[in-house]
Amino acid sequence: MMRILTDIHNRKVRLTDERHVHIESEHPEMIGQLDKLQETLLNPDKIVRSRTDSQVELFYRYYDVTPVTQKYLCIVVKVLPADLFILTAYFTDTIKKGDVLWQRN
């Protein structure tokens, strides 16, 4: 079952079953974190454009509590003219460099 999430710009973001399985198999700490995916898309701390793919936006939100201590959740979203979809998501210590598209004040 494909899920449709919403981001801070009120854009619809697809999470396909295939990508959901990929995220949870490649990053087992992401199992059961669907609520954090939606929260991070809707209320990120920062959005950065990928330096390797100009059509990719990285959504970051800091969490004090995760399955792997305090971390940022990074959601990698492919942004095409008529389609946005999640490529992957993972917890990380650092925000990647790149053009800041949006930042919480």
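**A first look around**

Modeller: Asn10 counts as exposed, because its relative accessibility is 60%. Keep in mind that this is a predicted model.

Colleague: Where is Asn10 found?

Modeller: Asn10 sits in the loop between strand 1 (3–6) and strand 2. Its phi is positive, about 60°, although Asn10 is not a glycine.

Colleague: And Thr69, is that buried or exposed?

Modeller: Thr69 is exposed, with a relative accessible area of 52%. Thr69 belongs to the loop between strand 4 and strand 5. Phi of Thr69 is positive too, near 65°, and Thr69 is a residue other than glycine.

Colleague: Let's zoom out. How many helices and strands does the protein have?

Modeller: There are two helices and seven strands. Starting at the N terminus, the order is β-β-α-α-β-β-β-β-β.

Colleague: What radius of gyration does the protein have, and what would a compact globule have?

Modeller: The protein has 13 Å, which agrees with the value near 13 Å for a compact globule with 105 residues. Along the principal axes, the C-alpha trace spans about 35 × 30 × 25 Å.

Colleague: What share of the residues count as buried?

Modeller: Of the 105 residues, 44% count as buried. In soluble globular proteins, nonpolar side chains tend to be buried together.

Colleague: Which residues touch the most other members in the largest nonpolar core?

Modeller: Those are Leu37, Leu41, Leu73, Ile75, Val77 and Ile86, in a core of 18 residues. At least two residues of this core come from each of strand 2 (12–15), helix 2 (34–42), strand 4 (56–63), strand 5 (71–80) and strand 6 (83–92). Apart from this core lies another, of seven residues, including Val48, Tyr60, Val76 and Tyr90.

Colleague: Back to Ile75: what is it in contact with, leaving aside neighbours within four places in sequence?

Modeller: Ile75 is in contact with Leu37, Thr40 and Leu41, with Glu57, Leu58 and Phe59, and also with Ile86, Thr88 and Ala89.

Colleague: What about contacts across the protein, how much do residues 24 or more positions apart account for?

Modeller: They account for 48% of the contacts with a separation of 6 or more.

Methods:
Residues numbered from 1 in each chain as written. Predicted model: local features only at pLDDT ≥ 70, side-chain atom pairs only at ≥ 80, totals over all residues. Heavy atoms only, no water. Helix = DSSP H or I, 4+ residues; strand = E, 2+ residues; numbered from the N terminus. Rg over C-alpha atoms; globule rule 2.2 N^0.38 Å. Buried < 20%, exposed > 50% of the residue type's maximum accessible area, 1.4 Å probe, protein only. Contact = heavy atoms within 4.5 Å. Core = buried A, V, L, I, M, F, W, Y, C linked by side-chain atoms within 4.5 Å.
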